Every structure is written in C-alpha cells, then in structure tokens.
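Here are my notes on the model you sent. Please read them with the structure open.

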Amino acid sequence: MAALEEGFTLSAVPLGAGPHGLLGVEQSDRPDQFLVTDGGRTVILYKVSDQKPLGSWSVKQGQVITCPAVCNFQTGEYIVVHDNKVLRIWSNEDVNLDKVFKATLSAEVYRIHSIQGTEPLVLFKEGAVRGLEALLAEPQQKIETVISDEEVIKWTKFFMVFRHPVLIFITEKHGNYFAYVQMFNSCTLSKYTLLPGHEEKSVIQSFTASVDRKVISLMSLSSDGCIYKSLIPIHPNDPEKNQRVVRSLLLKTVVSGNVRNGVALTVLDQDHIAVLGPPLPASKECVSIWNTKFQTLQTSKELPQGTSGQLWYYGENLFMLHGKFLTVIPYKCEVSSLAGALGKLKHSQDPGTQTVPHFVNWETSQGYGFGSQNSEQSKRILRRRKIEVSVQPPPSKQLLSTIKKDSEKRIVEELCKFLASKQTPDFHTIIGDIVLELLGRHKVEPSFYPRNALMQLIRTHVLSYSLCPGLMEVALEKTDVQMLQLCLQQFPDIPESITCACLKIFLSISDDSLQEAEINMESVSDYIDSVQEEKMEEQTEILHNGFNPEEENCDNCDRELNKKPQDTAEETTSCPVIPKRAALLNAILHSAYSEMFLLPHLKDIPAQHVTLFLQYLYFLYLKCSENATMTLPGLHPPTLNQIMDWICLLLDANFTVVVMIPEAKRLLLSLYKFVKSQICICSELNKIEVSFRELQKLNQEKNNRELYSIEVLELF
Amino acid sequence: MGEFKVHRVRFFNYVPSGIRCVAYNNQSNRLAVSRTDGTVEIYNLSANYFQEKFFPGHESRATEALCWAKGQRLFSAGLNGEIIEYDLQALNIKYTMDAFGGPIWSMAVSPHGSQLLVGCEDGSVKLFQITPDKIQFERNFDRQKRSTVQKMLVDRQYMGVSKRKCIIWGVAFLSDGTVISVDSAGKVQFWDSATGTLVKNHLIANADVQSIAVSDQEDSFVVGTAEGTVFHFQLVSVTSNSSEKQWVRTKPFQHHTHDVRAVAHSPTALISGGTDTHLVIRPLMEKVEVKNYDAALRKITFPHRRLISCSKKRQLLLFQFTHHLELWRLGSTVATGKNGDTLPLSKNADHLLHLKTKGPENIICSCISPCGSWIAYSTTSRFFLYRLNYEHDNISLQRVSKMPAFLRSALQILFSEDSAKLFVASNQGSLHIIRLLEGSFKHLHTFQPQSGTVESMCLLAVSPDGNWLAASGTSAGVHVYNIKSLKLHCTVPSYNFPVTALAIAPNTNNLVIAHSDQQVFEYSIPDKQYTEWSRTIQKQGFHYLWLQRDTPITHISFHPKRPMHILLHDAYMFCIIDKSLPLPNDKTLFYNPLPPTNESDVIRRRTAHAFKISKIYKPLLFMDLLDERTLVAVERPLDDIIAQLPPPIKKKKFGT
C-alpha cells in the first residue's frame, strides 16, 4: 500500500521569498543530495538524510536566478542561469558564484535539463534546444525560434527512452495547449495539439508525465479539479504533420475547482500520482496519493500552513514548501502480497537508467543529434572531465555511403564485398559502426529494415551487445525472433532486461507466427522428435530413474498426482511447446546472466507464460534424467545446470504466482517429488560409496602386477 | 638395439616422510624443506628444482619451524627445544642451542634478518641475536597474563555449532598493520592490529587451514588446508581505476590429497607440501615472464639421490630406509619370451637381511660391494662396515669393529669394481681410500680438499679398472684422482648446474656427467678433455623433449660388451644412448614407443637415433645392468605409497 511517512523540514531558513516560491529541487550526482534553487538568489545543496545543507551559493546583489540549478551528472558540476542569459558552471569546491565559469548566451533560457546518463540540455524560451557541450563551444551562436509568437512554454520534462534522450515541452497560446516532443537520436521534433475532451474550457494548472516504451503519458490537472491524461507517441508516424492528441479524464475532482494556485501533481509510479491542493473548497491544502488504476485515494496529509503549489518527487521523497520551509515527506509503496502475487509490481524505470553493467557505448562517440561532433574541446580549466571523442578510422566509406541511400539489396551486395576483404584489427568496431548506421537509417525511415544485412553482420561473430546497443531493441520491436535467437547465441554481453524481454516475446508469440519464422533448430532436433514416437512407454522409466520412490515419503504428492494420471502422463512425456519455440527458449537458457539483475525482470512475466516455461523446463529435466550422463542429446543442448538454475530462478521470482495457479501446483508437486527422489539417490549413493571403493580396489588389483616379475623388453 | 630380461622390482617398500616446513630464500632462490623424520632438504629452484643438499634427520629432532636468516643462514627449531643452524657448505649441523623453554613450536626472523624469535611450549617467546658465527640469547618475553596488549577473539563457530576449540594454526603480520590468521575452523581472517577488530572473514574449508605464507611485496599470500587445497589470495583493486584495494581469494589449487602442512610464496610461484609427501611448486602464470617449460607445475615426490645399490655378481639389491637396510636376492627364470612377455619364475626373490641401525640417527648413505660380501652405511656420527658370508642358503653377518676415528660420517660410500677398495666421501671435503681385507681393513690414503674449499663431495665414481676416482660436490666441478699415484689428476671445468650423476666407462675411461639442466657431458680422463661425441652433441643441442624432463638423471651405467652404449635413467624413463647412431634434432620423433613391426628396415634405419627411451617403468628409482642381457628396475608405484599414508579427510562424492 502506498503510504506517506512522517515528513520533516529540511531547512530552518525560510525559503521561497520570491513571489513564485521555489524555482526548483533537482537531484545532484550523489544519492540523497539535492540542489534547491530559491526564487531569489540562492542555490543550496541539501543532504536529505542528515537534514542539513552541505553548501550554499548566491549570485550578486541585483542578479536574479531565473532557472533552477541542475547537476551535470557527467562531470559532477552544477549549472545555473541567472538573468535569463548568463550561464554559470561551478563545482563543490567553489565558494563564490561570481568567480566561476560564465557564459553569456544569445537567447533567454527556459530550463536546463540534466538526467543521469546523458549530457545536460538547455531549453530556450523560444523552444530551441541545445546540448550543453555544443552550446559552450560557441555560447553566442544563433538560437532559432521554434514556437510561434505568443506561445509560452508552460512546462517541460526530459526522459531517457531506451538510452535515447527525449524532451517534451508544453506551450500555451490563447488558452490552447501544444505539446512538442523532441527526439535527439533522430533529431525530430513533433508537435501535438492537446484537444480538450468533454470538459468545458478550463485552464490547465499543472502537468506531469511518465514514459512507457512507446508513449509518453501526459497528465494535467485542470482548474476544474480533474486530472486528464493524454497519450503522446514517442515515435510519431509522420513527424511533419501537426497531430492532435485528445485529453481524457483520468480522475475526477481530486482538488476543489476554482483554486487559482497552490495546485500541483506529480507521477509517482505506474499507478500512483501525488496531488497537492485543497480537496474541498474550504479545507486546508494537503498532499494526497491517488491510485489511478482503481481511482481511489490512498492516503493524504494536511499541510495547514499552506504551500506554494509546487511538488517535486525524487527517489522516495516528495519535496514541497510548507509555509516558508522546504518539507520532505518520504513516500513508500510497499509490496503487498496481493500485488506481488498478481505480478503487478512493475518497475516503470526506464531501461536507460537501470543498473545494467556498463559497457562502452559506441553511440556516444558517434555523437547523436545536434552537432556535438564538431564541438571543439573548450579550454576552460573547470571542465575537467571531457567527453572523449574517440577518433574512428573511417570504415569502408563506400559501404557507409551505400547504407545511407541505397536499397537493401545493394547494401547486402556491398556488405558481402566488404566482408570478403581482409579483416583489420579494428574489424569489430567497423562492423559495429555499420550496424549502427543501418539502425540509424531504420530509425529515420521505419520502413527500412535491412534484416538480411543485419543477420549477415551478426554472423561475423565479432559483434557484441555493447557494440550495437540498438540492434536488439529494434528486433524486439519487430518481434523478429530469428534475429533475437541469433543475437542471444552470438552476443556475450546482453543485459538481463533484454534477455527477459526476449523471453517474454518467445513465450507470448503465437504458434502460427512461429511456424513462419526460420529458426535454428539444432539445439532441439534430437530430443523433441523422439518424443512423439516414444510417448507412453517412457513414463515408467522416468519415474524410476534408478530408484523407486514408491511407498516412501512422497506418498502425499503421489496420491495427488495420481488423481489425474492422464494429465500427468501428458505433462511428463510430451513437450509442452512446439519445437521452434523450444529452440528459442534454449537460446535463452544458454545466455549469460547475473541472478541479481535478472530476477526483477522475471517477475514481470505473466503467470501463464511462467507456467508454460516451467513446464518446458520440467520436460527438459525429465529428458535429462533419462540417461546416465544427465545430458540432452543433440548439438549444443541446454545443460542440466542451466535447466536447474532457470527452474530455481523462475520459482524464486514468481513463487506466489505459481502457488496460486492450479495447473502450476501439480507441476510444483512433481518437481518437488523429483527433487526429493534425486536427494534420496544421492544419499543412497553416499551410503554405498565405501562398497564402490572396494570394487574399484578389486579392479585395480586385478590390473596390478605382482611385486616381482621378470619381463622381456626389447628396445628398438 | 637389443632384448633384455628385466627384473621388475616393486617390493622396495619406501615411503617418503611427510613435509613439515618449507622456507624459501629469495636471495639464492633456494628452498629448504623439512620432513617429519627430521630431514632437511635444500632445493635449488634456479637449477631445475634440483635437490642439491640434504641434512639427515634424527629421531628426537622433530622439526617444527624452519627459516632463513642473515642472507643465507638456515635455522630450524623443533620439539626437542633446540635451535639448530646448518652448515650449508660442509653439510652438517653447525651447532645446536637449547632455548630452555620446552618444545619449540614456531620461529620467525626479524625483517632485517638479524634477530631470531622462537615460541616455546611454556608460553614464552625468546629473542636471539644472530651473531656472525652463532646466535646469542637476548630477551625473554613471558606470557602476558593480565596486561594483554591486544586481544582478538576468534569465533569458534564452525559450520553451525561446534564445541571444539578453535586453534590458530598460523598468523601473518603485514606492514600496514593487518593481521591475517588461519585457524582450525577453516577460516582465514583479517584483523586490524590497532583496534583488534575483525575486518574480514573468509570461510574456505570444512577442515583446518594449517599454513600461511605471504609474498615479499605483501600483495598476495597463500594458505594450505587439511583437505589438500591451496588457496591463493591477492590484493586487488576494488574497481578498475580505484586505489582502494581488497584481499580477494583468487585461485584454488588441489594438488594434494592430504593436509598441506607448509606453504611458501616465492616471487613467481606458490610452494606447498604436506602429509602426502609431495612438494608442489605451482608457478604463477602472471608472474612468469617467459612461458617456457619452467613455467610448468612441478611435483617432487622422490629424493634426487640413489637409495638402492646392487651387487651384480650375486644379483643382490640393497635398499636404504630411514632407520634400516634391506637386502634382497633377485629371483630367476629359465624361460624365454618375446617383447612384453612376463616370464614364469623358477625362483622368487628372497628377503635376505633386515639390518636395523643403532641409535636415533637416520641413515645418510649405504652401499653393497659388487661381489656382495661387504655392506657399508653411515649415519651422522657413525660409520658401519659389515662382512657377509654366504654358505649355500645361509647368510651370516659380521660387523667390522674398530673403525678409525676419522671415519665418523660419510656422505657417499663406494666400493671398487673388484670390491677390494672402499672409497668414503666424508664431510669437510676429504676422501678416504681404504683397502679391504678378509674381515679387516687398512687405511690407504686421504685426499684432502683443495686448500680454501670446504665443499663436501656428494657423488663418487670409480673406473672399472680401479685407476680413477671421480668426485663431485654440489657446485665446484668434478675432481678426478689417480688412485695408483694417489694424486689429483685433473678437474673437469665447473658448470652452472649441479651434477646429478657420475660414472666412468670401462676401457675408454670416459667420465659421463649428468647435470640438473639435463645436459650430459662425456669427458675423457686420459686425454683431460671432452670427447668428440660430447662436443658434437653440445654443438647440436639435445632434443627439446629431453631437456623438458623434470626429474634429474640419478644413475649412469655402461654395457660391458658395447662400449658405445650409455645407460641412464630418471624417475620416469630409462634411456640407452647409442653413440654410434645419428643424434636426433628437434624434428625427429623422439620417443619411439611402437615396435616397428610393419615398417620396413629402411624407415627404421632412417628414423633411428641415438636415444632409445623406454617409459614402461615408472616411477623408476633404480635401474642397472646385471649382465649383458639382464636389467634390474626398481619401481615404486605412487598408489603403494598412498596406501601407506593415513586416510585423507573424507569428502562426499555424491550429492550435497
């Protein structure tokens, strides 16, 4: 259940002296530390757990900070804008803001955005966007105007979607609202008009947004007290056209209508939002948590001294002004058992910010978007950690130019030529570049999907996930199972989240579409065919496996199993999935993973798929235990350890789910029984180990010669 | 090449003693190893891991600690409460000093090597100053009863609940103040010596962790467990570019079956030894610069010297054990057969004699005369000579009494071919020649060592015609003496590697010398120069497979009728070198195990080379020609040794 904990005041010093309260609360590069920008002239760095400030910086008398200070996560420095155009960059050691690095820009800045994993972005009031590096290289560069004359930016947010930065900003013009979505990997800016739904004309007072794989869900709190939701696609079908997005009602009257200010909302997770404002016209202001799925109020907390109508949410803390003081209220959404059982605890974290192992991201060295390629290294001392632009030797230039414009057939021809040529030491990076180039073109023109060329490149055995980070995402989008299988077989460094995404697709894809796919069947060919022929007579053999568990401790489970003897027989002898799906699942079994990173993703798999996968694993296990060496026949089959590890992983991740599903229960029981019989065998073997040793000794003595003999030796 | 009847002997019931301590000396790259019978052995790691010296043990002198100090001085201490310094030149004990604290359990040297600390049974720690020729008692640290400076409580828990006492088997104190302890509960623990707190705990075994050794750089250490496992710990960076470092267990090795009682850490290798009697040297691949054959794992089980001598005339074998000698007569057969056949015995081998030593000292060396009528052996302080009389099947033994005073201790004993002379290499470098008469003896001459040298001679060889005696120490070349004129005839130039075996060929009087780097030289004594064949093979070089063998040649003999043949053997092969055949080059198939039944004579002749090698008998402790057509091979199968060791810690084979 979502709950608000006891809040605490962060500062004893009154804040929010300006008319608009605080300018902002932003994360710093260290957890638990936040940059608070006062409306006046001050930036304060707070450590929340200690409830005390670590540092404070002010601009000179007469200067006004116009944009909240942010932290550049790549360098650990702080950035602020005062007087609309003057950019300041400083670090923790600096004392006086007046003496730190300064850049005067040619246009007025609306916001600076900075999130983990990418360089900060500067959003100008006219709607133009620049990367910080590119901007600092030439501060006086001309900034174009994107939005129309009387349009004003109202709100903005910056996301990472599959490691690609996406910026959204909302403008208002004469009571009409527009959303702009800027994609930086493809440099596209799409404009949407936000159409009001059925509600009467109202003023939108606060925005918040969360991002899913393909859509941004924009939520807005209107002056009528209701929350509306609009879905904006990240990848527009036609970026050129002005598109419309309809707002739909999400929650009704969460705050009293006709409140002019002091209203705000923010998304907490997939199903929860926090709303700041008075619930009834007469009541005091309060912060409340709503569940959007069930449309219920989860909890709320009164703020008797009033707020400034601003709300920030980072990590597990809600930040707001309460009276004149910055207050932190920790928010927790505890895992309730029901939620866990239903598999609802999803992590809406963006894959880009997840703690996947860090590989070299070749993409950054390629430079995405707006001219960071030609950004010269500025000579300022302050900018210590520079992003190293590694100089790549141009791969086969002709090939790259072919990729840019020619047809797929032509590309494949060129590729063959290139691959036939001599391999250079940096062959793998060149291959990586080619793949990135192909993917880049695919992103620009989604119809272009050079499948054959990509497959050919993967088959060079030199690619890895980190060399071409976008490839598997594209394949996932296209549900190209053949390519996914190939990637799983070839790449040594696939993040667990991607492995799990593949698993989901492999489990959910329909049999019909599988039949069409060309899938490498070598890992299953030998044991799945044989299944169909042998069917029934095998069962007795399996159950015994060198040991007869009858009338022993497994009575109970036996009885339960025997209730439906036919089903059990079916379950144990025939493969629960078609061979093609089995081949795909085998590719998953072979992939490398780290339990810690994989487990959270496994929880997202729907229950019936978990059961199916478990059934398949159980089938493999039975197949394994049919022969003495405990191996599966065929080329490169999954090993017993892999099978066991995955059974354990799946059960660990989804135990509550599996326990509640009737069909899975029988599976669990048979698994339990099987493991038990294995333990019995081991203990029996341990008991007779001494006898084995004696036998071995006897055998040795037979071979052993006597203590003395006379032999004939001829040396040649 | 020839057909032989081979007496394949497996009744030499030799079991090496378990290893108790190892100590590595960085300066000389030598390793001192002490065994449970008190023997101390010195291995030269630069000379192909050759065991170049040994100090015989003593029943009452169980060594518990061994260390090098002041450069290359070697000390040991043991349960008799004495500290012993060894004389590495004269190969005897320089002096012993009682610490007066009861049995000594541990010993350590101060970092500068000038002070020696011993830990005694009564709980005291005693400090000795190392003076140039002795050690001098300096201080006594009594057990601190109440005013404990720092106490570290070691968790006694051992896989759940255990009532057993937890014993700390070893500690190491690093210069940064970290204390590492290993204990009987299978833990390796890191302590902060300033605060006395446990910093880190590694549970590495279900049994005792018995030994620890830290490298000089203090960036890596090695521990040995009672399960026979050796673990390598290294100080590695936490992340790739941070300066913070952490001790991490990096590599486990399982080269032992029993307790690893002692470990040492050389700059390039981990060295371990224990109850299973193997000395294992495991090079650290990341520290080895050249990845050649020297980087391979070495497992040394058998001594690099002969424990067996043979009387050809009477077909007798004399086996030397720690405290007794055994005399066996070989059997015989009348049958014949073809290659590989085992012939039916008409007479089995007989155990003729079991001769127990008097006193607690271990036997250093022993020999039986070629005629079989004399047996001589020596301990550290006494020399024994026996006369054997054979009357049909009865054998009588008579000790020759009144040995002269100078014959107190011998490092090597040899009888002349006609059994009329006895040659004794004593420590202090002198060589005595004694004429044997029926039941008595006469001292003929003593060759004194070259002035200024005190190096003892460990190997002797006499020419079959009785004119020449060759003697070699561990480093200073081979001296050849003329026995007729009783003068030093010549000295074979010294070579970088120690001599492992010597022999003088009949008729030609060529001296064949094998070195620990597997080189073999042939030196003509009459001409005082290397022979043509020796020069040729030095010019061409030995086959790489020959040079890659990892046990030294311990015995060389000759065929009485075929002057071109040299027989030699190490622990895993025996070889007949036919000097008349072309030498193999590195492209030649060196080992030629298949009988060339299907090949034509042409191919055989084309592929034939001088080295005829057989690897049938192994581990081979002794091999010699009894007559033209008969060989005797003494094997000691490892399984037979293991069968005599205490059972190892039982590990479950099946399941969990």
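1. In which sense do β27(B) and strand β28 of chain B pair, and over how many bridges? They run antiparallel, and five bridges join them. Bear in mind throughout that this is a predicted model. Strand β28 covers residues 324-329 of chain B. Within this pairing, B:Phe319 has B:Glu326 in β28(B) as its bridge partner. The link from β27(B) to β28(B) is a hairpin of three residues.

2. Now the other neighbour. Strand β26 of chain B, residues 308-311, is also antiparallel to β27(B), with four bridges between them. Here B:Ser311 sits opposite B:Leu316 of β27(B). This hairpin has four residues between its strands. Check B:Gln315 there: its phi is positive, near 55°.

3. Is strand β27 of chain B enclosed or open? Five of its five residues, 316-320, are buried, so the rest of the structure largely encloses the strand. Buried here means under 20% relative accessible area. In a regular strand, side chains alternate between the two faces of the sheet. In β27(B), B:Leu316, B:Leu318 and B:Gln320 point one way. B:Leu317 and B:Phe319 point the other way. Both sets are buried, B:Gln320 included.

4. Next, helix α1 of chain B, residues 532-540. Its buried residues are B:Trp533, B:Ser534 and B:Ile537. Viewed down the axis of α1(B), the buried residues fall within an arc of 100°, so they line one face of the helix. B:Glu532 and B:Lys539 lie on the other side of α1(B) and are exposed.

5. What covers the buried residues of α1(B)? The cover includes five strands of chain B: β45 (520-524), β46 (529-530), β48 (565-569), β49 (574-578) and β50 (611-614). Just after the helix comes B:Gly541, with a positive phi of about 90°.

6. The largest cavity holds about 240 Å³. It is lined by 21 residues, and those closest to its centre are B:Tyr14, B:Asp37, B:Thr39, B:Arg305 and B:Thr322.

7. Which classes of residue line the largest cavity? Its lining has 10 nonpolar residues, seven polar and four charged. Compare the list of residues closest to the centre, which includes B:Asp37 and B:Arg305. Both of these count as charged.

Terms used: Residues are numbered from 1 along each chain as its sequence is written. Chains are lettered from A and ligands numbered from 1 in the order in which they are written. This is a predicted model: local features need pLDDT of at least 70, side-chain atom pairs count only at pLDDT 80 or more; totals for chains, interfaces and linings use all residues. Side-chain values use heavy atoms; hydrogens and water are left out. Buried means under 20% relative accessible area, exposed over 50%, partly exposed in between (1.4 Å probe, protein chains only). Helices (H or I, at least four residues) and strands (E, at least two) are DSSP runs, numbered from the N terminus. Two strands pair if DSSP finds at least two bridges between them. On a 1 Å grid over the protein atoms alone, a cavity is a set of points where a 1.4 Å probe fits but cannot get out, and a pocket is an open set with protein on both sides within 12 Å along at least five of seven lines; lining residues have an atom within 4 Å of a point. Grid points are joined across faces, edges and corners, and a volume is the space filled by probe spheres set on the points. The arc is that of the directions from the helix axis to the C-beta atoms. Contact means heavy atoms within 4.5 Å.
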